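Good morning, everyone, and thank you for making the time. Please take a moment to look at the model on the screen before I go through its parts.

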Amino acid sequence: MSFHTGPAVAIQHFPLKLVSRRMLAPSVGHYTFVRDDGQPLDFIPGQFIQVHFEYADGTATKRSYSLATIHDHALGPGEAVEIAVSYVPGGAATALFEGLEAGGHVDASGPFGRFCLMPTDANARYLLIATGTGVTPYRAMLPQLEAQIRERGVRVVLLFGARNTDELLYGDEFRAFAGKYPDHFRFVPCFSRELPAPDSPHAHADVRHGYVQQFLDEFAPDATDDIAYLCGNPNMVDACFEALKGHGLPVPQVRREKYVSSK
């Protein structure tokens, strides 16, 4: 994981009020909250919050969710608190979120984590690799990446693994960003089950059929130029980590976050 060397962000406990929700995929919801204590949530893109609740027997538990919020942090903390929630059949957290209506509340704490871009990074390229909701922190990083593209010409490759186009979370947003910066940002969806239909907006030359780890060598990872981020399925993270080490990337240049589903 990376270690952010900028201003520290204080960890807090706070109530969140649901503003809206929409489905990103058949089993993934995008939830937009605001803090209901009148305060903004100051965070560094790549960090996560924890949502606290109880099982049916009263036992306390919690779940972690990366912040998906797109916000220009140069302007100060924003109001929205956005997360992507995977629905797990029979899951206690799934029941909590599926039953939450606009105006409803959850108890949260944070922000946590160091899976962040570092202000001291001087690399020529970022390799961002994700599966499923592991792509969430990269959405939050888009304003920072845009600034780095403009200020120092950094190049970015986003390899995103999904089963099909229905599960390509935030795919339209990443595709639009790639269209805005075609010389600096490549969006490469990797579909393990089903390729896009010919008339799909995602049916383009940078689509791959298979798992993200199968295509990593194609992008010639280079210890001189690259910093890599791995987020999502633990098997993918482990496989890509070993592959990147095989290309000579030292451990500090490979920043990892594993997502494990819990009931």
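Let me begin with a term: two strands pair if DSSP finds at least two bridges between them, and the strands themselves (E, at least two residues), like the helices (H or I, at least four residues), are DSSP runs numbered from the N terminus. With that in hand, strand β9 (residues 185-191) pairs with β10 in the parallel sense over two bridges, and C190 stands opposite R208 in β10.

A word on the source: residues are numbered from 1 along each chain as its sequence is written. This is a predicted model, in which local features need pLDDT of at least 70, side-chain atom pairs count only at pLDDT 80 or more, and totals for chains, interfaces and linings use all residues, while side-chain values use heavy atoms, with hydrogens and water left out.

The strands β9 and β10 belong to an open sheet of six strands with parallel pairing, in the order β10-β9-β8-β7-β11-β12. At its edges stand β10 (208-209) and β12, each with a single partner strand, so one side of each is left without a neighbour in the sheet.

There is also an open sheet of six strands with antiparallel pairing, ordered β4-β3-β6-β1-β2-β5. Its edge strands, β4 and β5, each pair on one side only. Within this sheet, strand β2 (residues 28-35) and β5 pair in the antiparallel sense over seven bridges, and the bridge partner of Y31 is I83 in β5.

Turning to the helices, how do α2 and α3 lie? The axes of α2 (residues 136-152) and α3 (residues 171-180) come within 11 Å and cross at roughly 5°, where axes are lines fitted to C-alpha atoms, for helices over the stretch in contact, and angles run from 0 to 180 degrees between N-to-C directions. The two helices are therefore roughly parallel to each other, a label for angles under 35 degrees. In contact (heavy atoms within 4.5 Å), residues of α2 including Y138, L142 and R150 meet residues of α3, among them F174 and K180.

Finally, the largest pocket: on a 1 Å grid over the protein atoms alone, where a 1.4 Å probe is used, a pocket is an open set of points with protein on both sides within 12 Å along at least five of seven lines, and lining residues have an atom within 4 Å of a point. The largest pocket is lined by 44 residues, of which S86, G132, T133, Y259 and S261 lie nearest its centre. The strand β4 gives the most to this lining, with five residues.

Conventions: Angles under 35 degrees count as roughly parallel, over 145 as roughly antiparallel, 65 to 115 as roughly perpendicular and the rest as oblique.
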